[in-house]
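Subject: Structure for your review

Dear colleague,

Please find below the structure that I am handing over to you.

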Amino acid sequence: MVEEAKVVLLGSGFSMFGMRAKIALAEKGIKYEYMEEDLANKSPLLQEMNPIHKKIPVLIHHGRPICESLIIVEYIDMVWPNNSPLLPSDPYHKAQARFWADFVDLKVYHASRRVWISKGDEQEVAKKDFLESLKQLEEFLGDKPYFGGDTFGFVDVALIPFYCWFYSYETFGNFKVEAECPKLISWAKRCMQRESVSETLADEKEVYEGILDYKDKFMLN
């Protein structure tokens with residue numbers, strides 16, 4: 001059992017979704033216990049705390065679980081509102097931030113995953129969809145330092161963990177994100193100057209090796 005007063009995060013390796021929660025907690029300066037999950041052998045605690053999906057990340061606060069990464073980030077922002085607010089206070093801008101964070105999950109994630117699990121024509125379609133989703137985000141970013149304006153916020157937290165996966169997408173798909181979306185790469189490098197991000201994101205080469213290992217174990221080549 002987890003001590004009720006503790007803040008605990010259940011995560012796994014190179015998961016961009018777990019990285020979101022880590023970044024949000026770091027931005028807020030919240031101390032927490034991190035527990036690494038083996039997704040091939042899920043712990044009883046994970047299954048107890050997320051009995052519906054049995055997925056990471058799970059934030060445990062006061063002994064109660066909060067599941068799904070964007071919900072976790074928003075929860076962190078509401079519970080610890082004084083340090084580094086992530087969502088804007090204006091209702092319209094808050095709605096916009098939620099929309100684009102959801103866009104990352106619905107469009108960027110699914111297209112990016114198809115880049116490294118598919119081949120041939122299917123992979124070409126995946127690359128096109130992935131780059132198109134990044135271009136739409138780049139258009140929304142415009143000339144702003146961050147997606148929310150001058151301050152690092154909710155959409156930045158949602159997207160920046162994907163940056164350490166770009167090398168893998170590019171290697172499997174034989175393309176360069178920077179050639180298509182230079183402003184987005186400049187934004188990513190700006191985010192990497194933040195300790196919360198640089199200390200959280202996995203090494204891109206280790207992510208690539210992890211994908212190769214996953215494909216070798218679980219996928220037919």
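This is a predicted model: local features need pLDDT of at least 70, side-chain atom pairs count only at pLDDT 80 or more; totals for chains, interfaces and linings use all residues.

The core

The largest nonpolar core is made up of 64 residues. Within this core, F130, Y169 and W187 have the most contacts. The element that gives the most to this core is helix α4, residues 91–117, which supplies 9 residues. Another core lies apart from it and has 8 residues, including L45, L46, I56 and V58. As general background, nonpolar side chains in soluble globular proteins tend to be buried together.

Setting aside residues up to four places away in sequence, W187 touches L141, P145, Y146, F147, D156, L159 and I160.

The annotated C-terminal region

An unreviewed UniProt entry carries the annotation "domain: GST C-terminal" for residues 90–218. In the model, residues 90–218 are 74% helix and 0% strand.

Helix α7, residues 166–173, is largely enclosed by the rest of the structure, because 6 of its 8 residues are buried. Those buried residues are F166, S168, Y169, E170, F172 and G173. Y169 is also one of the residues with the most contacts inside the largest nonpolar core. Which elements cover the buried residues of α7? The cover includes α1, α4, α5 (120–141), α8 (177–180), α9 (182–191) and α11 (204–218). Just after α7 comes N174, whose phi is positive, at about 60°.

The pairing of α1 and α3

Helix α1 (residues 16–28) and helix α3 (residues 69–79) have axes that come within 9 Å and cross at roughly 10°. The two helices, α1 and α3, are therefore roughly parallel to each other. On the α1 side, the contact is made by F17, R20, A21, A24, L25 and K28. On the α3 side, the residues that take part are S69, L70, I72, V73, I76 and D77. Sorted by class, this contact of α1 with α3 has 8 nonpolar, 1 polar and 3 charged residues.

Two residues of α1 may interest you individually. The first topic is R20, which is found in helix α1. Is R20 buried or exposed? R20 is buried, since its relative accessible area is 0%, and the cut-off for buried is under 20%. Leaving aside neighbours within four places in sequence, R20 is in contact with S69, L70, V73, V104, D105, V157, A158, P161 and F162. Among these partners, S69, L70 and V73 also belong to the α3 side of the helix contact. By contrast, R20 and Q123 are 27 Å apart in space, C-alpha to C-alpha, and 103 residues apart in sequence.

E27 also lies in helix α1. E27 is buried, with a relative accessible area of 11%. Apart from neighbours within four places in sequence, the contacts of E27 are with N83, S84, F152, R194 and S196. Between E27 and Y75, which are 48 residues apart in sequence, the C-alpha to C-alpha distance is 13 Å.

Loops and backbone features

P85 is placed in the loop between α3 and α4. Leaving aside neighbours within four places in sequence, P85 is in contact with K28, D77 and F152. F152 is likewise a contact of E27. The C-alpha atoms of P85 and T151 are separated by 8.9 Å, although these residues are 66 apart along the chain.

The loop between α2 (44–49) and β3 (58–61) holds P57. The peptide bond leading from I56 to P57 is cis, with omega near 0°. K54 is placed in the loop between α2 and β3 as well. K54 is partly exposed, with a relative accessible area of 32%.

H62 lies in the loop between β3 and β4 (64–67). H62 has a positive phi of about 55°, although H62 is not a glycine. The relative accessible area of H62 is 40%, and H62 is therefore partly exposed.

With kind regards

Note on methods:
Residues are numbered from 1 along each chain as its sequence is written. Side-chain values use heavy atoms; hydrogens and water are left out. A nonpolar core is a set of buried Ala, Val, Leu, Ile, Met, Phe, Trp, Tyr and Cys residues joined through side-chain atoms within 4.5 Å. Buried means under 20% relative accessible area, exposed over 50%, partly exposed in between (1.4 Å probe, protein chains only). Helices (H or I, at least four residues) and strands (E, at least two) are DSSP runs, numbered from the N terminus. Contact means heavy atoms within 4.5 Å. UniProt positions are given in the numbering used here, feature names are shortened, and annotations may be inferred rather than shown by experiment. Axes are lines fitted to C-alpha atoms, for helices over the stretch in contact, and angles run from 0 to 180 degrees between N-to-C directions. Angles under 35 degrees count as roughly parallel, over 145 as roughly antiparallel, 65 to 115 as roughly perpendicular and the rest as oblique. Ala, Val, Leu, Ile, Met, Phe, Trp, Tyr, Cys and Pro count as nonpolar, Asp, Glu, Lys and Arg as charged, and the others, Gly among them, as polar.
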